[in-house]
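Take a look at the sequence and the 3D view before reading on.

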Amino acid sequence: SSGINAEYGYDFLHPFPESKLVLGVCSFSYFSIVGILYIWEWFVEKGTFFEGVKSGNTIRLSSYIPRFSGQYTFTGESMVDGEKRELKFTKCISTWIDDKGTVLPDKIESESEGIFSELLKPKKQ
């Protein structure tokens with residue numbers, strides 16, 4: 001954003017033919033940074049949409065929907081009392097959406113509560 005603003009400020013003082021180099025550097029920088037972020041998201045984060053701490057326990061949630069498929073794969077990982085847990089399931093996306101295309105928040109909430117309780121369940125004695 002600041003690079004774009006710098007280009008516009010520079011372009012105001014030095015119109016186009018004179019500012020070609022600055023425009024090229026800003027454009028190249030933008031696409032390079034976006035490319036690096038895309039690679040980071042694809043290979044390192046792997047579909048993670050939540051990572052945080054709840055009640056002192058680490059939780060990581062990620063998901064995946066294959067192209068042209070209604071199957072939603074959910075993966076949850078947690079670290080509870082030094083023990084790693086993983087929960088993975090695949091369901092049809094229509095589980096949480098009705099025939100009109102409306103999202104069903106009650107179903108999402110009940111499913112989410114079940115996921116969190118399973119991931120944060122205390123260790124069996």
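Is Glu111 buried, partly exposed or exposed? Glu111 is partly exposed, with a relative accessible area of 21%; for reference, buried means under 20% relative accessible area, exposed over 50%, and partly exposed in between (1.4 Å probe, protein chains only).

This is a predicted model, where local features need pLDDT of at least 70, side-chain atom pairs count only at pLDDT 80 or more, and totals for chains, interfaces and linings use all residues. Residues are numbered from 1 along each chain as its sequence is written, and side-chain values use heavy atoms, with hydrogens and water left out.

## Salt bridges

Side chains of opposite charge can pair when their charged atoms come close. Searching the whole structure turns up two salt bridges (a side-chain nitrogen of Lys or Arg within 4 Å of a carboxyl oxygen of Asp or Glu). In one of them, Glu111 pairs with Lys91, with the closest N and O atoms 2.9 Å apart. Glu111 sits in helix α3 and Lys91 in strand β4 (residues 83-92), so this pair ties together parts that are 20 residues apart in sequence. Helices (H or I, at least four residues) and strands (E, at least two) are DSSP runs, numbered from the N terminus. Lys91 is partly exposed at 27%.

Glu83 and Arg85 make a salt bridge too, their closest N and O atoms being 3.7 Å apart. Glu83 is partly exposed at 30%, while Arg85 counts as buried at 13%.

## Strands and hairpins

Strand β1 (residues 48-54) pairs with strand β2 (residues 57-64) in the antiparallel sense over six bridges; pairing here takes at least two bridges found by DSSP between two strands. Glu51 stands opposite Arg60 in β2. Two residues lie between the strands of this hairpin, and Ser55 takes a positive phi near 55°.

β2 also pairs with strand β3 (residues 71-80), again antiparallel, over seven bridges. Thr58 has Met79 in β3 as its bridge partner. Six residues separate β2 and β3 in their hairpin, and Phe68 in the turn has a positive phi of about 60°.

## Thr73 up close

Thr73 belongs to strand β3 and counts as buried at 17%. Its side chain makes a polar contact with the side chain of Thr90 (3.1 Å). Such a contact is a pair of N or O atoms within 3.5 Å; within protein, one must be able to donate a hydrogen and the other to accept it, and residues adjacent in sequence count only if both atoms are side-chain atoms.
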